[in-house]
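Dear colleague,

Please find the structure below, handed over for your own work.

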Amino acid sequence: MTNGLALEADRVRANTSPAVNREIDAKTLSNIRRYASQPRAAVERRISELNREWDIERVLEANAGVLAAVGAVLGASVSRKWLVLTGTVLAFLLLHATEGWCPPVPLLRRMGIRTRSEIDREKRALKYMRGDFGNHSDPPREVRRLGALVG
């Protein structure tokens, strides 16, 4: 994994409790197992859902944008004390950008919000099982793991 997105995802996983990572991985494997026996149309619907699933970065950015805007509006119209909200949110974003962690991350991860690479792993496994890669590709880790559990 050499691109910036993959490194960011690794930092989020590294800063997430192993129990939560295991829970998220188990849910992903369960999804793959469920769709392995579904008709092609169901798998295609699931891949479409995965394309629309918000990853943790998008959730953090959207929440930060809303909270920072609310803090700024309330700071300008009600009391300057509300600007603390905007400053706190921006500090959290900076912390997340530099460390891959900020206070909302553990809560979001416990809620099952996945990183982009976690979502993409499920999608890649479903595409492999659908036959998108032909016989020229080794199965993704999740497919190999599923085979070990089922076989």
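Helix H3 passes helix H7 in a left-handed crossing, a term used if the near helix is turned anticlockwise from the far one by less than a right angle (right-handed if clockwise). Helices (H or I, at least four residues) are DSSP runs, numbered from the N terminus.

As to provenance, this is a predicted model, in which local features need pLDDT of at least 70 and side-chain atom pairs count only at pLDDT 80 or more, while totals for chains, interfaces and linings use all residues. Residues are numbered from 1 along each chain as its sequence is written, and side-chain values use heavy atoms, with hydrogens and water left out.

The axes of H3 (residues 40-52) and H7 (residues 116-130) come within 10 Å and cross at roughly 160°. H3 is therefore roughly antiparallel to H7, the label for angles over 145 degrees. Axes here are lines fitted to C-alpha atoms, for helices over the stretch in contact, and angles run from 0 to 180 degrees between N-to-C directions.

On the H3 side, the contact (heavy atoms within 4.5 Å) is made by Arg-40, Val-43, Glu-44, Arg-46, Ile-47, Leu-50 and Asn-51. H7 contributes Arg-116, Ile-119, Glu-122, Lys-123, Leu-126, Lys-127 and Arg-130. By class, there are 5 nonpolar, 1 polar and 8 charged residues in this contact; Ala, Val, Leu, Ile, Met, Phe, Trp, Tyr, Cys and Pro count as nonpolar, Asp, Glu, Lys and Arg as charged, and the others, Gly among them, as polar.

Lys-123, in H7, is buried at a relative accessible area of 14% (buried means under 20%, exposed over 50%, partly exposed in between, with a 1.4 Å probe and protein chains only). Not counting residues up to four places away in sequence, Lys-123 touches Ile-47, Leu-50 and Asn-51. Its side chain is joined to that of Asn-51 by a polar contact of 2.7 Å; such a contact is a pair of N or O atoms within 3.5 Å, where within protein one must be able to donate a hydrogen and the other to accept it, and residues adjacent in sequence count only if both atoms are side-chain atoms.

Asn-31 belongs to helix H2 (residues 18-36) and is buried, with a relative accessible area of 4%. Leaving aside neighbours within four places in sequence, Asn-31 is in contact with Arg-46 and Glu-122. A polar contact of 3.3 Å links the side chains of Asn-31 and Glu-122.

With kind regards

Technical notes: Helices (H or I, at least four residues) and strands (E, at least two) are DSSP runs, numbered from the N terminus. Angles under 35 degrees count as roughly parallel, over 145 as roughly antiparallel, 65 to 115 as roughly perpendicular and the rest as oblique.
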